[in-house]
Each structure stands twice: as structure tokens, then as C-alpha cells.
Amino acid sequence: MALSRDQISERLTMALHLKAFEYQHAGEIIFGNGRISEVGSIVSRYGRRCLIVSGPKKGALRDLYPIVGELLEHLGLEWEHFDGVIPNPTVDLISTGAKIAKTFKADVILGIGGGSSLDAAKAISVEATHEGTSWDYVFFKQRPTARTLPVVAVGTTAGSGSQVTPLAAINNTSSRDKSALCSDRLIPRAAIVDPQLMLSVPVGITAATGFAVFCQAFESILNPRSNPLTELFGWEAVGRVIKDLPVAVREGSNLGARSSLAWADTLAGFAACGSGLVLPHGIAMAVGSLFADIPHGMALVSVYRACLEFTWASAVSTFARLAHLLDPALDGVPASDAAERCPDLLQAFLARIDVACTLRDFGISKEELPALAKQSMVLPDYKNNPRVPTPDEMLEIIAASF
């Protein structure tokens with residue numbers, strides 16, 4: 001009896017021991033030193049009236065903005081600049097930027113900066129073309145339509161992967177909540193990843209954002225929706241962070257290390273696109289919602305060890321592989337023993353890059369922990385963890401991070 005096409009496909013997949021999966025990405029990657037010089041030609045593919053979205057004009061990137069403006073003008077593009085982005089951008093901030101976009105009649109958005117600037121650019125691209133505010137389009141609400149403005153992303157830190165993801169995280173300060181817009185329409189049409197732009201990133205930001213790259217990559221591997229491609233991206237990113245983040249922290253001008261981290265950041269974004277994140281990111285989002293002045297990367301640092309302690313026994317082979325990357329001397333050690341050592345090894349890595357901290361270090365009081373535990377179960381990330389915590393276990397994880 002002849003086999004159907006579906007039966008043949010199923011048997012081939014089983015024979016190769018690979019999970020069936022699909023992966024699609026709509027964006028273009030322009031990677032390499034000096035590629036910022038191409039920003040004018042890249043933006044011109046998508047529009048003629050460009051709104052630049054960034055942090056303050058007088059901030060760390062103050063010398064870059066005039067250069068970008070000249071590159072746009074050289075090709076006849078008109079541009080306006082919204083420079084009001086802050087870490088953990090708020091709904092009100094997005095509304096301010098969207099109003100400028102509408103008044104200027106922008107037809108393309110250019111985000112320049114770290115994850116907050118790129119997320120803000122994406123959220124503005126929605127609110128500028130839709131009714132209501134950006135908060136009306138976060139998870140479980142309305143989805144952005146084809147009216148969404150095209151976004152070009154120029155990342156200047158290696159941390160969020162936002163230049164290649166469909167996500168835009170925003171804070172609602174009135175409700176003390178943090179969520180994200182999520183749509184393939186938010187994937188930047190083009191992402192310029194120029195490691196030279198990252199040479200001046202301060203040590204503390206380099207360490208915190210670099211660890212966020214690790215988190216995205218490793219959590220995408222732990223997620224049950226992971227597949228051979230996202231695992232390939234994820235493990236490559238994890239290995240690069242472990243090898244090159246300490247170098248970049250120690251030698252900020254080391255272009256080789258910066259380039260490696262920039263690529264790891266991009267790969268981690270791809271991995272997260274394909275499978276999603278797990279428990280630590282859900283808690284870090286909750287930290288950001290209740291305590292908006294805490295940077296996302298540092299929120300992750302503060303809770304990661306407790307999350308690993310809770311999870312390792314439910315994903316022994318994955319944790320054992322990570323342990324061997326963190327300490328090659330574990331070669332030959334039984335997988336369960338190596339996996340159990342993972343939380344300590346990662347904490348030592350955090351100490352090595354000088355970012356180890358607890359929730360208490362941010363001024364959070366013990367009385368606020370139950371509210372934080374409850375908020376950590378609002379977004380669905382924790383449900384994708386290899387071990388899913390109950391409400392009582394979530395409070396225990398939060399308490400262990402204090």
C-alpha cells in the first residue's frame with residue numbers, strides 16, 4: 001500500500017529524530033562595521049518622511065543623530081526627531097511620539113538606540129495609524145493592522161534583540177502594569193546591526209544588556225515550542241555571551257567582542273521569535289511593571305538564580321549542556337550533577353561581570369513581594385517553563401530572589 005505524502009513526511013521526521021516546525025521572518029539584516037552609513041538608502045525604501053525615535057538628543061548618542069540626519073537629507077528625505085524615550089517606555093510616552101508622527105505625516109519610523117528606543121519606535125508605528133492608544137494593542141487585545149508604519153531599527157546595544165522581534169514592551173504607569181504589543185507587522189523591515197555603534201556603551205549597561213541576550217537565548221531553548229532552528233540560534237548566542245561578554249565588560253573598545261555580542265543579540269532575537277520565553281522573563285516583566293525604574297536586564301539578573309534552582313531538575317540535559325559551557329572542567333561529570341551545579345555556575349558568571357544583585361538591592365520591600373508574585377503570573381511566560389510554578393511556588397521564587 002502506497003504511503004501518503006503526510007505519512008512519508010511523518011516517517012522521515014521520526015527517522016531524523018527532529019521535531020516538525022515552521023519558521024518565518026520578514027525582516028532584512030544589515031550587519032557589519034560601518035553599515036550605519038547605509039541608513040539613508042535603507043530608510044528610503046520604505047518612505048520619504050521619517051520620524052527618528054530615540055533617547056535624549058544630548059545623551060550618549062548625541063554625535064550620531066546629526067550624522068543620521070545628514071544621511072537622510074542626502075537622499076532627499078525629510079525627517080523629524082522624537083527624543084523622549086526613557087527606559088521602560090510608557091503608554092503616555094508612546095502617545096506623545098505618535099502625535100508627533102501624525103502631525104509630521106511620517107510614513108516610516110527609524111528607531112535608534114537600545115531595546116527601549118526600538119520598542120517605542122514599534123509601538124509608535126501602531127498608535128500613529130490606529131484608533132486608541134498603544135495599550136489597546138497589547139497581548140490579548142486588538143492586533144495591529146496593515147496600516148502600521150514600517151520600522152527601520154538601528155540597535156546601539158546588544159541586549160533586547162528588538163531589532164528582529166515582533167514585540168514592543170510598554171509600561172502602563174496608571175495601572176502599574178507592563179505588557180507588550182506582539183505582531184509580525186512589528187518586525188522591523190530592516191535592522192542595521194553595526195557593532196562600531198556599541199563601542200562606547202558603559203560597562204554596567206554592557207553587562208546587563210549582554211546578560212539579557214543570554215536570557216533570551218537560553219529561555220528560547222527551554223521553551224517547549226523550541227525546535228532545531230531556534231536551538232541552533234539559541235546555543236550559538238549562549239556560547240558567544242559566555243565567551244565574549246566578560247571581554248567586552250573588561251575591554252569596552254574590543255571590536256571583536258562587541259561584534260560577537262551584536263551577532264549573539266540578533267540570534268537570540270531570532271530564537272525568541274521562533275519559540276518564546278519562559279519563567280524568568282515573565283517575572284522580570286512584572287518587576288518592570290511595578291518598579292519601572294529597574295532596567296530589564298538587571299531585573300533578570302536579580303531573579304535568575306532562583307528560577308534556575310526551581311527549574312533545573314525538569315530539564316537536566318539542557319542544564320547540563322549549559323553547565324559544561326560555563327565550566328568545561330565538568331566534562332565527564334554525570335548530567336544530573338552538572339545540571340545541579342548550573343545555578344551556582346551562572347551566579348559566578350554574574351559576579352565575574354559585576355552585576356550580581358537581589359531584589360532587595362533595588363529598594364523593594366519584603367511587604368511588596370506577594371504583589372510581585374501575583375503580577376508574575378499575569379503574562380503567560382511562566383506557563384511555558386519546563387516546571388510550571390503554582391502561586392505558592394511563585395512566591396517562594398520571589399522570596400528567594402530577595
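Residues are numbered from 1 along the chain as its sequence is written, and side-chain values use heavy atoms, with hydrogens and water left out. In this predicted model local features need pLDDT of at least 70 and side-chain atom pairs count only at pLDDT 80 or more, while totals for chains, interfaces and linings use all residues.

The protein chain contains 14 helices and eight strands, taken as DSSP runs (helices H or I, at least four residues; strands E, at least two) and numbered from the N terminus. Its C-alpha atoms fill a box of roughly 70 × 65 × 45 Å along the principal axes. The radius of gyration, 21 Å, agrees with the value near 21 Å for a compact globule of 402 residues; the radius is taken over C-alpha atoms, and the globule rule is 2.2 Å times the number of residues to the power 0.38.

Of the 402 residues, 56% are buried, that is, under 20% relative accessible area with a 1.4 Å probe, protein chains only. Among contacts (heavy atoms within 4.5 Å) between residues at least 6 apart in sequence, 77% join residues at least 24 apart.

Helix α5 covers residues 115-127. Helix α5 is mostly covered, with twelve of its 13 residues buried. Among these buried residues are Gly115, Asp119, Lys122 and Glu127.

Note on methods
Buried < 20%, exposed > 50% of the residue type's maximum accessible area, 1.4 Å probe, protein only. Expected span 1.5 Å × (residues − 1).
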